[in-house]
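Thanks for making the time this morning.

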2 protein chains.
Amino acid sequence: MSESRGAARAEILSIGDELLLGEIVDTNGPYMAQRLVPLGLSVGHYQTSGDDMDAIVAAFKLALSRADVVIATGGLGPTDDDLTMEAVAKVFGVPLEHREEVLDQMAARLKRPKDHLTGSNRKQAMLPAGAHVLRNDWGTAPGVRYSTPEGKHVFLMAGVPREMKGIFGAWVVPFLREHYTRGETILLRHFAAFGIPESRIGERLKDMMGPGHNPDVGTRVSGGACVVRIVVRAKSQPEAEALMQPAAARVAAALEEGLFSDRDETLAIAVARMLIEKKKTVAVAESCTAGLIASLLAETPGISASLLEGAVVYSNDAKVRTCGVRPETLDAHGAVSEEAARELAQGIRARANADVGLSVTGIAGPDGGSEQKPVGLFYVGLATKDTTAAHKFVFHGLDRNIFRERAAHQALDLLRRQIGA
Amino acid sequence: MSESRGAARAEILSIGDELLLGEIVDTNGPYMAQRLVPLGLSVGHYQTSGDDMDAIVAAFKLALSRADVVIATGGLGPTDDDLTMEAVAKVFGVPLEHREEVLDQMAARLKRPKDHLTGSNRKQAMLPAGAHVLRNDWGTAPGVRYSTPEGKHVFLMAGVPREMKGIFGAWVVPFLREHYTRGETILLRHFAAFGIPESRIGERLKDMMGPGHNPDVGTRVSGGACVVRIVVRAKSQPEAEALMQPAAARVAAALEEGLFSDRDETLAIAVARMLIEKKKTVAVAESCTAGLIASLLAETPGISASLLEGAVVYSNDAKVRTCGVRPETLDAHGAVSEEAARELAQGIRARANADVGLSVTGIAGPDGGSEQKPVGLFYVGLATKDTTAAHKFVFHGLDRNIFRERAAHQALDLLRRQIGA
C-alpha cells in the first residue's frame, strides 16, 4: 500500500501444510499486521508456504528482496516436517548450531532435568549461527531474531497463536518500536456506517483514497456495515492530529445519518453498547430472523441488563400466545404485514415492560412467497410506551440466511435510531 | 505436500489493503483450498497483496510462473482502489473493454433500469479483453476467467465471502473438475462428528492420512464439529467405489456415537434436517445462548414447522413469566442450576405444546462467575411429555462468544440424541 510514503516495509510469512490445505485459517498475520502499522511499518505482502524446503527458502529470499523486516511463523516444531530454522540458515549461508541456553530454558519451563529432554527438544535447540534467541515462555520452540549486516531483520516464531502472541509482544514489538518509529507518528481511525452503499461512500471520498494520499482513506464492508479507515502519517503527534481532524470530520460528514460508530465495530456491538450506556431496555419479537437479533445483541457482555426478553415466534399461535397479536389482525392482514409487525412490537414491549419493543416479520424463503408478498419482504416494528411504527422493506434475490442477516441488521439500525433519538 | 502426485498446481491470491492491515482474516483462501484438493489440484502458495498496482501485477506474474491455476479474490469493487481487473489486463498485455452483458446482469439483479446504474457500476463492467464472465448472482462485481494460450487459467472473484462462495461453487469448481480430473475418477465423501476431539480421530485414522495415501483421509474442525474427508482416486467408477466403501466404514466406526452426518454439514443443519424429516417439534428456552440455538436451527428452510417457539430469557422475570420456572426454584438453586434448566425445558415445551423442550442456562462471562458457579458453567435441559433431564457442563477459559457457540452446539447435540432415539 504505501511504497510512496517511505515507511519501512515488513513482510509476513506463514509456514505449514495445514494452511495450504485450508484446514487452518491464518489469524497470525492479521494479528501482527494490526500491531505493525502503528510502529511505522507498512506491511507489503503476506506469503503462505507449505512444509517444503525449496518453497520456504524461496519465500524468504523474495521477502528479503523487498522488505526490511521479515516475520515468519510456523515450522519450528519438533517433527521432521518443521523446516524453518534450516531454511533460514540456508538463506544466509550459515550452519545450524546447538544453543545450550535454549535447552536450559526448556528444562526450566518443563520443570524437568536437562538430560531428560528428548531428541525432538534437542532439535529445537539448533538455531542458525549468529541468531538472537527470543525466549518462549508460552511453549517449547524458541523464537529467533536474525539481523543482517545490511540492517534487515528476520523474526521466526512458533505458529501456535498463543506462543506467537507471547513472543511477538515480549520481544518483537519492543525491538521494532525502538528501530522503526524514528520520529514518525502514525494515527489510525475508523468510522462505521449502515445503510449507505460502499460505492457511494467511495465516490464521496475518492480524492482521499489510494496510494500516495496522506491522510489515506480506505473502505471495507463487514458485518452488514461499511467501515471507513483513515491513516495519517506525520513528523509529530500534533502534526498528525492536525491532519487527522479535518479528515475525520470529512469522513463523518460523508457517512451522514448512516454513521453509527467512530470505532471499528459491528452494528450489533454498537447498538448493544448504546443500550447499555443509555440504560435503555429492549424486548425483541422475531419471526423470520428467529433469534438472530437477540443473539447478535448478546455478543456484548452486560447486555443482560438491557435485553429483557426475546421471543422466536414463527407460528401464528406463538405470535398470539406470547406477543398478544390479535387473531383478527392475522386473519385480515396476515402474519407478514405492517399491522402484525406493530402488534408484535407492542406486545413484546408490554410483556417485558421494556422501553422499546422491536419486531421483525417477513418471508425468508426459498418458499412461502406470493405475488403480493414475495420472498424478501419484511416489516420491522418499533414500539415505545407512546408510539408505534412499522417499516416495510423488500430485499430481492438474497439467499435465505443472507436475507435473515440483512433483515436483522435493518432492525438493529432502526433500534439504534430509536434509542439515539 | 503433494508434489509427489504430479497434481496440477494452484495458487491463491488475496488482494486488499484491509488484509495487509490485519483488519480482516482471510477465510477465502482456506475455503477454496479445501475444495481444490479433491479436484486433483495441489495448492502450492497463497499470496496476499495490498491495493497497489505494482504489487498485484508482481503477485500474478509470480503465481503464473509456478502454478497452472491462479485464483484471486478481492479488488473488484467499484472504487478507485480496486485494481485487480486492470492489473490482470496489464499482466496479459490486453486492454480493458466494456461488457454490456455485465451491465444487463447488474440491472436485472438490482431491478433498476440500466441507465440508472452509476459510474462505479460501469467501472465494474470493464473486463480484460478476452475474459470469460462468471455471472455473480450474489453481488454486483462479476467474476472472470482468463485462460492463456498455454492452458493456464486465472480466476478473479469478489472478496466478499458470500459472493466468492457463490461464484466459486457455480462456475469455478465445475470448470476445474472438467479440466483437471481427466479420466481419473475422484470420489469425495464426508462424515461429521460432534464431541470427539480431532486429535483422537487423527490417532485412530493415522494410517490413512497424509501424502501418498489412497484413500486419503483428512480432518478439520468447523462449526463446532469435526469433519472427516475421504478422497479416493481410481481409474474407474467401480474401482473408486470399491476403495471408498471400506474406508467409509472405517471412518464411520472411528467416529462412534459422535457421528451425526454422512455429509459435510454443520451440526445445526443436521439437527434441523432430522427435526423436519421426523416431523418432530421443538421449543427452545435460552438464557446465555440468547437466541443462538433458535437462529442456528432457522438457517434451514422448512424449520418453521418444527421450531414452534423460542424464548430468550436472560432475566429471572422472563424465566418465570414465559417458561413458568418457579420463583422458589430460582431462590433455592439460582438461575444457573440443574433445577432451573429442567423447569425451563418443561415450561417452554408445555407452552408451545412441542414434542421436545430444550433449554440452556449458564454463565458466559466475562463477569458473573463465582467459585461455586464459575464462568463457563452451563446446564442443558431436555423435556418430553414423559421425561425431563438436565446435563451439566463446564468449559473453562473460553471467550464469551466462543463459549456461547459451544454451549449452543452441546445443546443441539443432546437434542439430536433425543430425537434420534
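Residues are numbered from 1 along each chain as its sequence is written, and chains are lettered from A, with ligands numbered from 1, in the order in which they are written.

On confidence, the model scores ipTM 0.77 and pTM 0.78. Chain A averages a pLDDT of 91, with 97% of its residues scoring at least 70, where pLDDT is the predictor's confidence in each residue, from 0 to 100. Over residues 1-5 of chain A, however, the pLDDT is below 50, although this stretch has 15 contacts in the model beyond near neighbours in sequence; two residues are in contact if their C-beta atoms, placed from the backbone, lie within 7 Å. Where pLDDT is low, the predicted coordinates should not be read in detail.

Turning to the form of chain A, its radius of gyration is 28 Å, whereas a compact globule of 421 residues would have one near 22 Å; the radius is taken over C-alpha atoms, and the globule rule is 2.2 Å times the number of residues to the power 0.38. Along the principal axes, the C-alpha atoms of chain A fill a box of roughly 85 × 55 × 40 Å. The domain assignment, which is automatic or from a database, gives domain 1 (3-180), domain 2 (185-261) and domain 3 (267-420) of chain A, and the C-alpha centres of domain 1 and domain 3 of chain A lie 49 Å apart.

Now to the interface: how many residues does each chain bring to the contact? Chain B gives 67 residues and chain A gives 71 residues. On the side of chain B that touches chain A, S2(B) gives the most, with 7 residues; strands here are DSSP runs of E, at least two residues, and helices are runs of H or I, at least four, numbered from the N terminus.

Strand S2 (residues 41-49) of chain A pairs with S2(B) in the antiparallel sense over 5 bridges, pairing being called if DSSP finds at least two bridges between two strands. Within that pairing, Tyr46(A) stands opposite Thr48(B) in S2(B).

Note on methods:
This is a predicted model: local features need pLDDT of at least 70, side-chain atom pairs count only at pLDDT 80 or more; totals for chains, interfaces and linings use all residues.
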